[in-house]
Amino acid sequence: MEFPITRMRRLRRTPAMRSLVRETHLRPGMLLYPLFICPGEGVRKPISSMPGVYNLSIDEALKEARECAELGIGGLLLFGLPESKDETGTGGYAEDGIVQRAIRALKAEPALDSLLIISDVCLCEYTSHGHCGIVAREGDHYSIDNDATIELLAKTAASHARAGADIVAPSDMMDGRVEAIREELDLAGFTEVPILSYAAKFASAFYGPFREAADSTPQFGDRRTYQMDAANPREAMREIELDLMEGADMLLMKPAGPYLDIILAARQRFEVPIGAYQVSGEYSMLCAAFEKDWLERERTILESLLAIHRAGADFIFTYFAKEAAKLLK
């Protein structure tokens, strides 16, 4: 039927009507909050490029976790800033590493049982050169040694599982790392710990503020030889297929907002849980617009998350998690 019999506005007349027919719903439990854990006590160091986000000592991270649990947020994603760094990222897989200690502290509080504790498995925060793996040098040339790196990533994942991580999330984009991690976890008796693979992580300009937060800017070169080219959606589907064949239980798309087409394509093709990471640059860009009063803060936050969920993400990592959860209550 056509106008005037068909009037699409009939179902938009009131808030109650719009709520009744709404197709996509956000809820606090699908939001996950990234935390940057640093050494010390009582440390809450502001990150200048990410307003409202901090490097946190473990005691301060516990305060954040308690608030997240009260808000009904789904979980936390932990990044570590170690006491010292070296060429091989030893702090990433040390049993007394900063993330391992944070996991144990979080798991020691029964009040936090509702939160999933997810550990980022990468070496970039722990290496002195800032790359995500072992650097092989030949004169003035360098490359990231894929196979040597995945051995260390597997050790890192197993150490996180021993500390009590609910989910390990490799973000390095080395080939074969999911299989190596799965084998290491199973050999160590952690057959029930799932792998959330950053299966399609693009070499993006939107990671800039994160480099400050995690102190992980490469000291030379860039990460384009291992993170994906932004122009290649078909390659992203191949990456996902390979990770699933290697044993990934869940997938993560990164970044989120600028790559909604990748999220949608993955959702249409794969029947596994899919998440997306609203990355630091997306967060900082919106915060800058809020500061200038160019965008309405609350509406924009929820709309940006709704778009990511609508594209097909079942869960979303976002620095807006606490604020959004309060708005959704």
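Rings of Phe, Tyr and Trp (its six-membered ring) are taken to pair if their centres lie within 6.5 Å, and a pair counts as stacked with planes under 30 degrees apart, as edge-to-face over 60 and as tilted for the rest. The model is predicted, so that local features need pLDDT of at least 70 and side-chain atom pairs count only at pLDDT 80 or more, whereas totals for chains, interfaces and linings use all residues. Residues are numbered from 1 along each chain as its sequence is written, and side-chain values use heavy atoms, with hydrogens and water left out.

**View 1. An aromatic cluster that includes Phe-36, Phe-79, Phe-315 and Phe-317.** One cluster is formed by Phe-36, Phe-79, Phe-210, Tyr-277, Tyr-283, Phe-290, Phe-315, Phe-317, Tyr-319 and Phe-320, and the structure holds 12 aromatic pairs. Phe-36 and Phe-79 make a stacked pair, at 5.4 Å centre to centre and with 20° between the planes. Because Phe-36 lies in strand S1 (residues 31–37) and Phe-79 in strand S4 (residues 75–80), this pair ties together parts that are 43 residues apart in sequence; strands (E, at least two residues) and helices (H or I, at least four) are DSSP runs, numbered from the N terminus. Both Phe-36 and Phe-79 are buried, where buried means under 20% relative accessible area, exposed over 50% and partly exposed in between (1.4 Å probe, protein chains only). The rings of Phe-315 and Phe-317 have centres 6.2 Å apart and planes at 85°, and the pair is therefore edge-to-face. Phe-315 is buried at a relative accessible area of 12%, and Phe-317 is buried at 0%.

**View 2. Helix H5 (residues 146–163) and its two ends.** The 18 residues of H5 should span 26 Å at 1.5 Å a residue, which agrees with end C-alpha atoms that are 26 Å apart; the expected span is 1.5 Å times one less than the number of residues.

**View 3. Leu-305 in helix H11 (residues 297–311).** Leu-305 is buried, with a relative accessible area of 0%. From Asp-145, Leu-305 is 160 residues away in sequence and 36 Å away in space, C-alpha to C-alpha.
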